[in-house]
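Please look through the sequence and the model below before reading on.

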Amino acid sequence: LTLELATLLNLRGQHREALALISKRNFHPWEGGEGKVAAQYTLALSELARAALHAGLANVALDYLQQALDWPQSLGEGKLVGHQDNPIHLLRGLALHQLGRDADANGAFELASIGISDLSATHFYNDQPAETIYSQGLALRQLKREEEAQSRFQLLYQYGEQELDQKQTIDYFAV
């Protein structure tokens, strides 16, 4: 129920409250594991960082983003092999750029631009979400590598077109 409440708070834009709720509890893997707790924790921190960036508080944003990269043990899970932090690195790059630290910003954009560039339906907790590909494209654009950026955006578009009329089914026995 704590996880569901945190999810609702994040959906309502109450990210500070969601983060406070998650942070005061020690979760166990059987309480929603499979990335759900970490996803809400990361979402709250990313949105707080985004708001700080818009307010011109890049150092505050960087603090939030560092927390999003370093999950506490209280979440009850760690990062799986192959976990992508592209959206966080993209925001880090924007914050560093806002501070005038362009070399560091470019390093963060490089981190945001790498990783898996395949896309498939996200049915399970370890499937790559589309925002990692989108973040790669935005990071490549920041690095002035427009052709590579367009290839990521085109991949998203083509996947969307391909899946638009597909009937979705859930394999209940896959996990």
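The model is predicted: local features need pLDDT of at least 70, side-chain atom pairs count only at pLDDT 80 or more, and totals for chains, interfaces and linings use all residues. Residues are numbered from 1 along each chain as its sequence is written, and side-chain values use heavy atoms, with hydrogens and water left out.

A nonpolar core is a set of buried Ala, Val, Leu, Ile, Met, Phe, Trp, Tyr and Cys residues joined through side-chain atoms within 4.5 Å. Buried means under 20% relative accessible area, exposed over 50%, and partly exposed in between (1.4 Å probe, protein chains only). The largest nonpolar core has 37 residues, and I22, Y41 and L75 have the most contacts inside it. At least two residues of this core come from each of α1 (2-11), α2 (15-23), α3 (36-54), α4 (58-69), α5 (86-98) and α6 (102-113). Helices are DSSP runs (H or I, at least four residues), numbered from the N terminus. Helix α3 gives the most to this core, nine residues. Apart from neighbours within four places in sequence, L75 is in contact (heavy atoms within 4.5 Å) with I22, F27, V37, A38 and Y41.

Rings of Phe, Tyr and Trp (its six-membered ring) pair if their centres lie within 6.5 Å; planes under 30 degrees apart count as stacked, over 60 as edge-to-face and the rest as tilted. The count comes to one aromatic pair. This is the tilted pair of Y134 and F153, at 5.8 Å centre to centre with 50° between the planes. Y134 lies in helix α7 (residues 130-142) and F153 in helix α8 (residues 146-163), so the pair ties together parts that are 19 residues apart in sequence. Y134 is partly exposed at 43% relative accessibility, whereas F153 is buried at 16%.
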